[in-house]
Amino acid sequence: MTSSAEQGVQHSDFRKYLPDLDTPRFQAIAQNDAYGHAKELLEHHRPPWLYGLYVHWRKLFEEPFKGVTNDGTVRPNLFNLRDEGIPIDAIVAAAETVISQLSPAQIARTLLHIDSPEWRSWSNPEFLVSDKGIRLDEITPGLRGAVLALLEASLSPEGYAKAVAAMRINHFLGELVHAPRVMNEYSYNFVLFGKPDAARPWGFSFYGHHLCLSVFFVGKQIVVSPWFTGAEPNLIDDGPWKGTRILHEEERLGLQLMQSLTAEQKTQAIVYRQMKDPAMPKGRWNHDDQRHLCGAYRDNRVVPYEGLLVSSLSADQQDVVRAILSQYLLYLPKRARKLKLQDCAAWFLETRFCWIGGCGDADPFYYRIQSPVVLVEFDHHSGVFLANAEPAKFHIHTLLRTPNAGDYGFALRRQVKGAVEQEYVWEG
């Protein structure tokens, strides 16, 4: 098992793969802001593979929301309304502070209907392809502080720290490749859905490069799903935030679990032995998501179960699965996280763990844990801005989905009774 020191060395290896900033691609991004950079994709179709993916995303977006499933059929009655003890009054007050500082033009862009399909139009590349709401690097410090205060009030302390670390690593990458107007600490969009209320459904989306959070509330219950968190590199080795690192625990625990398996169990868990395996069917790997299945716009993806049943593992190994899931549930406040972890454990009889790649200390890998109530993915990527042609330990993508219509709080929204009486008689 890789030691913490060895893991740190693997993450700091990114310095060997700094790109040539004199190439046309990096010259262009250095001269552009977020909008000019988006034009490169949307008008000039550069890079062509990402433009092709964007066109596909928009086709997926046209489909009505159904939810991720394992067989195409949404299983009912998996999620119930409950009191998770979140500080909803403080969260609503923080949201109202944001709203009070918005201009009329910002209100028109930022306050959307609770059932708006734009919940689903987030994406994690640095290209601003869904320009809605307010962008943090363009607004006043006061309004930006109010948005961050809402994020902090909504998430756990450790979850908020993780989000801030991801934003700072994005800033660090922007400095490395001389593109600070495209990638910086505040190059994120924020949009509200519904009216902030202590009892009624509402929520917000916070999204940008390597950090996308969909946050839904109903009463004292919270759903943070789907979310995406990535980093390239995942370690800041210089400057005021030196030492900042994320996604190393998800990496360490995943490898710990895999290395603890018997040879027979590994055979059951491994789906493909190579990260880009010749045995993979068309579409199992693509340039952007690579091995991920449930990234941006994949709201209705059918993901068949693969791998090893978690219920077949020893008690100690199941504890490692719990520890992995706890990391993926870190954005949730403490009581909500505890309840969600209990939900996940209750489905271990139908939870699968699968793996792609090697399982040596230095090997890059992908893993997925999937059940009717949660799906998490971890993937080591090849370089997008850095020059490593093969997947490396310092470029990591992670995500969480709540299958069976749990994303965006859809399954809970359907259980909330209308607040307006349907009967109406004019009595004038």
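The chain of this predicted model averages a pLDDT of 97, and 100% of the residues score at least 70; pLDDT is the predictor's confidence in each residue, from 0 to 100. Among the elements of the chain, the lowest mean pLDDT, 88, belongs to helix α1 (residues 4-12), and the highest, 99, to strand β10 (residues 365-370). Helices (H or I, at least four residues) and strands (E, at least two) are DSSP runs, numbered from the N terminus. Residues are numbered from 1 along each chain as its sequence is written. In this predicted model, local features need pLDDT of at least 70, side-chain atom pairs count only at pLDDT 80 or more, and totals for chains, interfaces and linings use all residues, while side-chain values use heavy atoms, without hydrogens and water.

Thr398 counts as buried because its relative accessibility is 0%, where buried means under 20% relative accessible area (1.4 Å probe, protein chains only). The side chain of Thr398 reaches the backbone oxygen of Thr229 at 2.7 Å. Leaving out residues up to four places away in sequence, Thr398 touches Trp227, Phe228, Thr229, Leu247, His292, Tyr328, Glu377 and Phe378, with contact meaning heavy atoms within 4.5 Å.

What about empty space? Rolling a probe the size of a water molecule over the atoms shows where such space is left. A cavity is a set of points, on a 1 Å grid over the protein atoms alone, where a 1.4 Å probe fits but cannot get out; lining residues have an atom within 4 Å of a point. The count comes to 3 cavities of 30 Å³ or more. The largest cavity is lined by 14 residues, with Pro125, Glu126, Phe127, Leu128 and Gly208 nearest its centre.

Note on methods:
On a 1 Å grid over the protein atoms alone, a cavity is a set of points where a 1.4 Å probe fits but cannot get out, and a pocket is an open set with protein on both sides within 12 Å along at least five of seven lines; lining residues have an atom within 4 Å of a point. Grid points are joined across faces, edges and corners, and a volume is the space filled by probe spheres set on the points. Buried means under 20% relative accessible area, exposed over 50%, partly exposed in between (1.4 Å probe, protein chains only). A polar contact is a pair of N or O atoms within 3.5 Å; within protein, one must be able to donate a hydrogen and the other to accept it, and residues adjacent in sequence count only if both atoms are side-chain atoms.
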